[in-house]
Amino acid sequence: EEVMQACEDEGELPSPGMPNNMVVRIGRLMRVVKVVRIMRLMRYFEDLRLLVTCILHSAKPFFWSAALLLLIIYVVGTYLTHIVLVHRIVEGASDPNNTAVALNR
């Protein structure tokens with residue numbers, strides 16, 4: 001009953017020679033045939049389905065490994081910047097010709 005009302009709302013009226021329940025039965029049969037055809041095709045795409053499933057399941061570990069890698073790069077960059085700064089301050093204090101360090105005092 002709801003299916004027929006939806007068909008009438010969309011403007012898809014059954015042909016005059018067919019009763020309403022016949023249209024619903026044909027629609028259900030076509031839906032079952034479509035599902036069966038898809039199920040038959042799915043056996044040919046087993047490898048593709050496995051590949052897509054593996055990629056989707058590896059997305060979360062990939063995100064965390066990328067985050068860890070970026071954190072390591074940030075920490076090493078900060079550490080190297082600190083080492084260079086200390087080196088420039090120490091070398092600059094012993095070199096009287098270095099005006100950049102002398103101006104900062």
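At what angle do the axes of helix 3 and helix 4 cross, and within what distance do they come? The views below are of a predicted model.

**View 1. Overall arrangement of the protein chain.** The protein chain holds 5 helices and 0 strands. Read from the N terminus, its elements follow the order α-α-α-α-α. Of the 105 residues in the protein chain, 5% are buried.

**View 2. Crossing of helix 3 and helix 4.** Two packed helices are described by the distance between their axes and by the angle between those axes. Helix 3 spans residues 46–57 and helix 4 spans residues 59–94. Their axes come within 4 Å and cross at roughly 40°.

**View 3. Residues in the contact of helix 3 with helix 4.** On the helix 3 side, the residues are Ile55, Leu56 and His57. They meet Ala59, Lys60 and Pro61 of helix 4. By class, the residues of this contact comprise 4 nonpolar, 1 polar and 1 charged.

View 4. The patch covers about 900 Å². Leu68, Leu71, Ile72, Tyr74, Val75, Val76, Tyr79, Leu80 and Ile83 make up this patch. Among them, Leu68 lies in helix 4, the helix that also supplies Ala59, Lys60 and Pro61 to the contact with helix 3.

Notes. Residues are numbered from 1 along each chain as its sequence is written. This is a predicted model: local features need pLDDT of at least 70, side-chain atom pairs count only at pLDDT 80 or more; totals for chains, interfaces and linings use all residues. Side-chain values use heavy atoms; hydrogens and water are left out. Axes are lines fitted to C-alpha atoms, for helices over the stretch in contact, and angles run from 0 to 180 degrees between N-to-C directions. Helices (H or I, at least four residues) and strands (E, at least two) are DSSP runs, numbered from the N terminus. Contact means heavy atoms within 4.5 Å. Ala, Val, Leu, Ile, Met, Phe, Trp, Tyr, Cys and Pro count as nonpolar, Asp, Glu, Lys and Arg as charged, and the others, Gly among them, as polar. Patches are made of residues with over 30% relative accessible area and no salt bridge: like charges are joined within 9 Å, nonpolar side chains (Val, Leu, Ile, Met, Phe, Trp, Tyr) within 5 Å. Accessible areas come from the Shrake-Rupley method with a 1.4 Å probe; for residues, only the protein chains shown count as cover. A salt bridge is a side-chain nitrogen of Lys or Arg within 4 Å of a carboxyl oxygen of Asp or Glu. Buried means under 20% relative accessible area, exposed over 50%, partly exposed in between (1.4 Å probe, protein chains only).
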